[in-house]
Amino acid sequence: MISASSSSASSSRKKKMKQAESKWRTAAQERIYRRRLLEALRATASGAGPRAVKEAADSALALTARGQSQWSRAILLGRKLLLKAGGKVRRGRRRPSRRLRCRDRLRVLGRLVPGCRQLSAPNLLEEAADYVAALEMQVKAMRALADALSAASLNAAAAGEAESNVV
């Protein structure tokens, strides 16, 4: 009985992870995100630093997710999750148990995914899978945008060179 329930829970998690991946893999989602990213980048000042670009890209990503996940809601609400200061550093010869290492790694993962510090392990893993898929789409869109911008600048440089040769 226990193995049947655990296998059904495992299969439902796999389905949710597939849905998260497919949600960010569609061409329509990528087009929506690219449009929002371009609008957000245009809205930032031309002299804005890398933090402004990152915030614009993250907010466009969260808008595309429509607040359906914990991380997107955290970004949309603009909550700043600060690391707790004054944490104790453990020094000793004993290796932590496997359970402690797993718990520590889950805690670190919770810090990396926006708004997911206090989630249970299964929910945290689902949110992290969705967030990673969204970040992959973000990288793909930003690469395409960078390629388009570099091609445009090369074309402008070639046109300027051709004009100087004519004159």
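**View 1. Six helices and zero strands make up the secondary structure of the protein chain.** From the N terminus on, the elements simply run α-α-α-α-α-α. Helices here are DSSP runs of H or I with at least four residues, strands are E runs of at least two, and both are numbered from the N terminus. This is a predicted model, where local features need pLDDT of at least 70, side-chain atom pairs count only at pLDDT 80 or more, and totals for chains, interfaces and linings use all residues. Residues are numbered from 1 along each chain as its sequence is written, and side-chain values use heavy atoms, with hydrogens and water left out. Of the 167 residues in the protein chain, 22% are buried; that means under 20% relative accessible area, with exposed being over 50% and partly exposed in between (1.4 Å probe, protein chains only).

**View 2. Helix α3 covers residues 50–65.** Its 16 residues reach 23 Å from first C-alpha to last, close to the 22 Å expected at 1.5 Å a residue (the expected span being 1.5 Å times one less than the number of residues). The buried residues of α3 are Ala56, Ala57, Asp58, Ala60, Leu61, Ala62, Thr64 and Ala65. Just after the helix, Arg66 takes a positive phi of about 55°.

**View 3. Lys54 and Asp58 pair up within α3.** They form a salt bridge, with the closest N and O atoms 2.6 Å apart; the rule asks for a side-chain nitrogen of Lys or Arg within 4 Å of a carboxyl oxygen of Asp or Glu. The two sit four residues apart, about one turn of the helix. Lys54 is partly exposed at 47% relative accessible area, while Asp58 is buried at 12%.

View 4. Glu30 meets Arg34 at 3.7 Å, N to O, and both lie in helix α2 (residues 27–43). Glu30 also bridges to Lys140, with the closest N and O atoms 3.4 Å apart. Lys140 lies in helix α6 (residues 121–166) and Glu30 in α2, so this pair ties together parts 110 residues apart in sequence. Glu30 is buried at 13% relative accessibility, whereas Arg34 is partly exposed at 35% and Lys140 is partly exposed at 46%.

**View 5. Ser72 is tucked into the count of buried residues at 0% relative accessibility.** Ser72 belongs to helix α4 (residues 70–77). A polar atom of the Ser72 side chain lies 2.9 Å from the backbone oxygen of Ser69. Leaving aside residues up to four places away in sequence, Ser72 touches Ala62, Ala65 and Gly67, where contact means heavy atoms within 4.5 Å.

Note on methods:
A polar contact is a pair of N or O atoms within 3.5 Å; within protein, one must be able to donate a hydrogen and the other to accept it, and residues adjacent in sequence count only if both atoms are side-chain atoms.
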